[in-house]
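The entries below record what I looked up, topic by topic.

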Amino acid sequence: MAAEVPERFERDMACDAREWQRLLRQALAGLAWQCEAAAASITLEQGHLRMRWHALPTRRIAQLDLPMLRVHFAFVGVGAAERGRFMRHFDMHTHRGGG
């Protein structure tokens with residue numbers, strides 16, 4: 001059983017702002033949403049989600065430099081089941097493959 005998605009949380013994402021915009025377009029396709037500067041507002045069935053992000057220092061792993069963003073998620077009027085469905089879908093479009 002998956003853990004419940006809280007109403008508010010933050011997550012570090014290994015991408016730059018340009019790639020983040022591309023990921024958002026893919027993950028939010030079919031939903032009503034607006035983006036302004038470093039924030040997005042997404043209309044969901046039961047309420048809405050507000051996301052804000054800002055750049056973090058680059059993370060260096062061996063010879064690899066990873067651009068980083070901290071993303072803040074705030075669900076308003078969205079039940080636990082819908083938060084879980086949304087985040088599973090969102091994660092499918094934003095997570096990288098790995099070993």
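How many disulfides does a search of the whole structure find? I found zero. I counted a disulfide as a pair of cysteine sulfur atoms within 2.5 Å.

A note on ground rules. I am working with a predicted model, where local features need pLDDT of at least 70, side-chain atom pairs count only at pLDDT 80 or more, and totals for chains, interfaces and linings use all residues. Residues are numbered from 1 along each chain as its sequence is written, and side-chain values use heavy atoms, with hydrogens and water left out.

Cys 15 is in no disulfide, and the nearest cysteine sulfur, that of Cys 35, is 12 Å away. Next I asked about exposure. I call a residue buried under 20% relative accessible area, exposed over 50%, and partly exposed in between (1.4 Å probe, protein chains only). Cys 15 is buried, at 1%. Cys 35 is partly exposed, at 34% relative accessibility.

**Entry: strands and hairpins**

I took helices (H or I, at least four residues) and strands (E, at least two) as DSSP runs, numbered from the N terminus. Two strands pair if DSSP finds at least two bridges between them.

I started with E3 and E4. They run antiparallel, joined by five bridges. A hairpin of four residues connects E3 to E4.

Then I moved to E4 and E5. Twelve bridges join these strands, which also run antiparallel. Met 51 has Phe 73 in E5 as its bridge partner. The E4–E5 hairpin has two residues between its strands.

**Entry: positive phi**

Most residues other than glycine have a negative phi. Ala 62 has a positive phi of about 55° and is not a glycine. I found Ala 62 in the loop between strand E4 (48-61) and strand E5 (64-76). Ala 62 is exposed, with a relative accessible area of 65%.

Ala 37 also is not a glycine, and its phi is positive, about 50°. Its place is the loop between strand E2 (32-36) and strand E3 (39-43). Ala 37 is exposed, at 78% relative accessible area.

**Entry: the core**

Which residues touch the most other members of the largest nonpolar core? Trp 20, Met 51, Phe 75 and Phe 90 do, in a core of 23 residues. I defined a nonpolar core as a set of buried Ala, Val, Leu, Ile, Met, Phe, Trp, Tyr and Cys residues joined through side-chain atoms within 4.5 Å. Strand E1 (8-13), helix H1 (17-27), E3, E4, E5 and helix H2 (80-94) each give two or more residues to this core.

Contact here means heavy atoms within 4.5 Å. Leaving out residues up to four places away in sequence, Met 51 touches residues including Trp 20, Leu 24, Ile 42, Val 71, Phe 73 and Phe 90.

**Entry: helix H2**

H2 has 15 residues. From first C-alpha to last it reaches 21 Å, close to the 21 Å expected at 1.5 Å a residue. The expected span is 1.5 Å times one less than the number of residues. Among the buried residues of H2 are Phe 86, Met 87, Phe 90 and Asp 91. What covers the buried residues of H2 includes E1, H1, E4 and E5.

**Entry: salt bridges**

I counted a salt bridge when a side-chain nitrogen of Lys or Arg lies within 4 Å of a carboxyl oxygen of Asp or Glu. The count came to nine.

Arg 70 bridges to Glu 10, with the closest N and O atoms 3.7 Å apart. The pair links distant parts of the chain: Arg 70 is in strand E5 and Glu 10 in strand E1, 60 residues apart. Arg 70 is partly exposed at 24%, and Glu 10 is partly exposed at 44%.

Asp 12 bridges to Arg 59, again with closest N and O atoms 3.7 Å apart. Asp 12 lies in strand E1 and Arg 59 in strand E4, so this pair ties together parts 47 residues apart in sequence. I then noted that Glu 10, Asp 12, Arg 59 and Arg 70 are linked in a network of salt bridges.

Arg 22 bridges to Glu 19, with closest N and O atoms 3.4 Å apart. Both lie in helix H1, three residues apart, about one turn of the helix.
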